[in-house]
Amino acid sequence: MRTTVPPVACVGEPRLTAGFAEFGRLDLRAHEMVHGPISPMEPSALLRLAEGIQLKGKGGAGFPFARKLRAVLESCERQDLPPVVVVNATEGEPASWKDKVILTRAPHLILDGAALAAFALDAEEIVLCVADDLFGRDSLMEALEERRMPVPTSVVTVPHRFISGEGGALVNGINGLPHIPPGTKKRSSDSGVNNLPTLLSNAETYSQMAIAARLGPYEYAALGTDDEPGTVLLSITGAAKRHAVVECAAGTPLREILELCEVPDGPGILMGGYHGKWITREAAEKAEVSRKGLAAVGGTLGAGIIVPLANDTCPLGEAAQVVRYLAGESAGQCGPCKRGLPDLARAVDLAVSGSAPVEVVRAAAGDVKGRGACSHPDGTSRFALSAMEVFADDLKKHTTGEGCGRRVKGVMGLPGAPDANPQKLVLDWSRCDGHGLCAHVVPDFIRLDQNGYPAFPPTPVPTWLREGASKAVKVCPELALRLTKA
């Protein structure tokens with residue numbers, strides 16, 4: 001996993017990244033020189049601006065910002081309560097770096113956007129959330145010391161996990177509760193931080209509002225498309241020779257971004273991050289960087305994450321690693337995540353090893369889709385199914401048992417070092433009497449077949465199931481199971 005913020009590049013006119021070349025990081029003086037002054041806005045004016053530029057959330061879901069604003073305003077009036085403004089700059093997805101770039105180099109844009117919202121809503125406070133890896137926190141604190149905010153403003157650190165940016169988990173964490181999604185879905189606009197109506201959006205979204213407030217809707221729309229005005233921030237990692245965060249106008253041909261970052265030919269490109277979709281390189285050559293443009297080729301913009309693969313790596317093996325990681329990132333509080341995602345990871349492992357048909361993956365994905373306390377099961381199943389579809393030709397090679405002939409290089413940006421001691425389960429069939437105890441100890445990895453004998457994938461045991469696998473070995477009355485180096 002990268003430990004430093006990647007370089008920044010721009011295709012066309014810079015907006016969020018304006019001044020980076022001259023100043024590196026923009027302190028308050030440089031920020032005002034580059035972007036100019038900004039004036040507070042009344043609720044109706046801010047609403048018109050958000051609607052006029054068709055601003056959608058940049059955290060991945062793409063929810064219209066104006067609808068969030070309106071929902072909070074209506075909730076405040078209905079309940080006669082003041083709201084709270086929350087900035088989500090946690091960026092828990094390992095492959096994403098765009099919010100960290102704004103935090104470390106243009107923090108005043110984030111503060112401008114939050115201040116605009118707080119003034120318009122007559123908010124009680126602003127809460128800025130960053131991950132506990134502390135990327136950008138010092139820069140944000142320094143920016144706060146340089147200026148006066150319209151309401152009390154605090155910085156809260158949250159666990160650096162994939163699900164940390166989920167809205168309900170974020171609100172729970174700020175409220176001092178376990179930092180996991182609530183058991184039932186509820187609107188933060190009705191009851192969020194301290195049970196007050198809460199406006200919650202990500203760091204780039206607030207920054208885009210700060211740009212639009214200065215330019216106005218017409219000049220803001222001078223870049224981008226009719227459906228998606230303005231610019232987009234993209235995180236490009238994976239097999240790209242030049243990892244970078246790139247700003248470009250919506251509608252820019254995706255091939256220009258790939259050429260800029262020197263992306264080699266490969267079997268596929270992940271668009272939108274770990275909850276996104278894979279597309280082929282051929283599709284990428286025709287795609288535009290926009291929600292509409294990427295959807296047209298089967299992809300998604302999501303949180304602006306692009307992870308290409310090269311021809312020298314096994315795409316299915318890379319995808320399987322991500323599914324295992326996502327299963328381990330479950331909050332563990334609801335069945336579709338706690339049991340369903342490990343089952344999906346197991347199904348993907350089986351398909352990749354050639355031990356099961358792709359229908360096993362489709363069935364496992366169907367068991368979690370549309371269920372659970374948050375969107376994590378949906379996103380994970382979407383990723384897995386997309387990999388099975390885009391890499392179907394590779395999958396055919398794997399079903400023969402010979403594989404595609406390429407090794408897994410670990411280029412997906414997963415956190416932590418590769419498993420230094422991968423282990424797999426081995427069964428001595430001459431000893432196994434089908435007691436079934438092993439499947440009861442670690443049901444997420446070992447199942448019983450129709451004859452009552454254990455069945456499990458020949459791939460390494462995921463690290464989060466290693467303890468259970470060890471227990472299964474110990475409880476086997478016939479000593480038929482053992483863990484061995486993979």
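Author: H13 passes H14 in a left-handed crossing; left-handed is used if the near helix is turned anticlockwise from the far one by less than a right angle, right-handed if clockwise. This is a predicted model, where local features need pLDDT of at least 70, side-chain atom pairs count only at pLDDT 80 or more, and totals for chains, interfaces and linings use all residues. Residues are numbered from 1 along each chain as its sequence is written, and side-chain values use heavy atoms, with hydrogens and water left out.

H13 spans residues 315-328 and H14 residues 335-353. Helices are DSSP runs (H or I, at least four residues), numbered from the N terminus. The two axes come within 8 Å and cross at roughly 165°. Axes are lines fitted to C-alpha atoms over the stretch in contact, and angles run from 0 to 180 degrees between N-to-C directions. H13 and H14 are therefore roughly antiparallel, a label for angles over 145 degrees.

Now the contact itself, meaning heavy atoms within 4.5 Å. H13 brings Leu316, Gly317, Ala320, Val323, Arg324, Leu326 and Ala327. On the H14 side they meet Leu341, Pro342, Leu344, Ala345, Val348, Asp349 and Val352. By class, these residues divide into 11 nonpolar, 1 polar and 2 charged. Here Ala, Val, Leu, Ile, Met, Phe, Trp, Tyr, Cys and Pro count as nonpolar, Asp, Glu, Lys and Arg as charged, and the others, Gly among them, as polar.

Methods. Helices (H or I, at least four residues) and strands (E, at least two) are DSSP runs, numbered from the N terminus. Angles under 35 degrees count as roughly parallel, over 145 as roughly antiparallel, 65 to 115 as roughly perpendicular and the rest as oblique.
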